[in-house]
Amino acid sequence: FWKVLAAIVPPPSYGGGWGAFFTALFLIGVVTAVIGDLASIFGCLMGLEDSVTAITIVALGTSLPDTFASMLATRSDETAD
């Protein structure tokens, strides 16, 4: 699925990269809308309000990548705290 989405983006050599930029921007919007709808459906199934679901998904989406980056940095350095 992701490879098909990436294949839609034109090469950056076309039009000075503006086509690739706007296509990628559009696709990010589409994926964000789909994820938002799925999160809303999940919250509805669990009996949560939309505000609680939104805050939870945003918190997970911003915290988990930082957690994994910190974990990898700690594992790769013997003197890390």
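At 12% relative accessibility, Ala39 counts as buried, where buried means under 20% relative accessible area, exposed means over 50%, and partly exposed covers what lies in between, with a 1.4 Å probe and protein chains only. The model is a predicted one, in which local features need pLDDT of at least 70 and side-chain atom pairs count only at pLDDT 80 or more, while totals for chains, interfaces and linings use all residues. Residues are numbered from 1 along each chain as its sequence is written, and side-chain values use heavy atoms, with hydrogens and water left out.

Ala39 lies in helix 2, which covers residues 18-46; helices here are DSSP runs of H or I with at least four residues, strands are runs of E with at least two, and both are numbered from the N terminus. Leaving aside neighbours within four places in sequence, Ala39 is in contact (heavy atoms within 4.5 Å) with Thr53 and Ile57. Thr53 belongs to helix 3, residues 50-76, and is buried at 5% relative accessibility. Apart from residues up to four places away in sequence, Thr53 touches Gly43 and Leu48 as well as Ala39. Another separation can be given for Ala39: its C-alpha atom is 9.5 Å from that of Thr56, which is 17 residues away along the chain.

**The chain as a whole**

The chain has 3 helices and 0 strands, and its pattern along the sequence is α-α-α. The radius of gyration is 18 Å, well over the 12 Å that the globule rule gives for 81 residues, so the chain is more spread out than a compact globule; this radius is taken over C-alpha atoms, and the globule rule is 2.2 Å times the number of residues to the power 0.38. Taken along the principal axes, the C-alpha atoms fill a box of roughly 45 × 45 × 20 Å. Of the 81 residues, 9% count as buried. The chain exposes about 6700 Å², of which carbon and sulfur atoms supply 73%; accessible areas come from the Shrake-Rupley method with a 1.4 Å probe, and for residues only the protein chains shown count as cover.

**Aromatic rings**

A search of the whole structure finds 3 aromatic pairs, a pair being rings of Phe, Tyr and Trp (its six-membered ring) with centres within 6.5 Å, called stacked if the planes are under 30 degrees apart, edge-to-face if over 60, and tilted for the rest. Two of these pairs are set out in the table.

| Pair | Centre to centre | Angle between planes | Class |
|---|---|---|---|
| Trp18 and Phe22 | 5.9 Å | 25 degrees | stacked |
| Phe21 and Phe22 | 5.1 Å | 70 degrees | edge-to-face |

Ring pairs link Trp18, Phe21 and Phe22 into a cluster. Trp18 and Phe22 both lie in helix 2, 4 residues apart, about one turn of the helix. Trp18 is exposed, with a relative accessible area of 54%, whereas Phe21 counts as partly exposed at 44% relative accessibility.

**The nonpolar surface patch**

Phe26, Val30, Val34, Leu38, Ile41, Phe42, Leu45, Met46, Leu48 and Val52 make a nonpolar surface patch of about 1000 Å². Patches are made of residues with over 30% relative accessible area and no salt bridge, like charges being joined within 9 Å and nonpolar side chains (Val, Leu, Ile, Met, Phe, Trp, Tyr) within 5 Å; a salt bridge is a side-chain nitrogen of Lys or Arg within 4 Å of a carboxyl oxygen of Asp or Glu. Helix 2 gives the most to the nonpolar patch, with 8 residues. Leu45 is one of the patch residues, has its place in helix 2, and is exposed with a relative accessible area of 68%.

**Separations along the helices**

Thr32 is also in helix 2 and counts as exposed at 51% relative accessibility. Thr32 and Leu45 are 13 residues apart in sequence and 20 Å apart in space, C-alpha to C-alpha. Met71, in contrast, has its place in helix 3 and is partly exposed, with a relative accessible area of 32%. The C-alpha atoms of Met71 and Leu38 are separated by 29 Å, with the two residues 33 apart along the chain.
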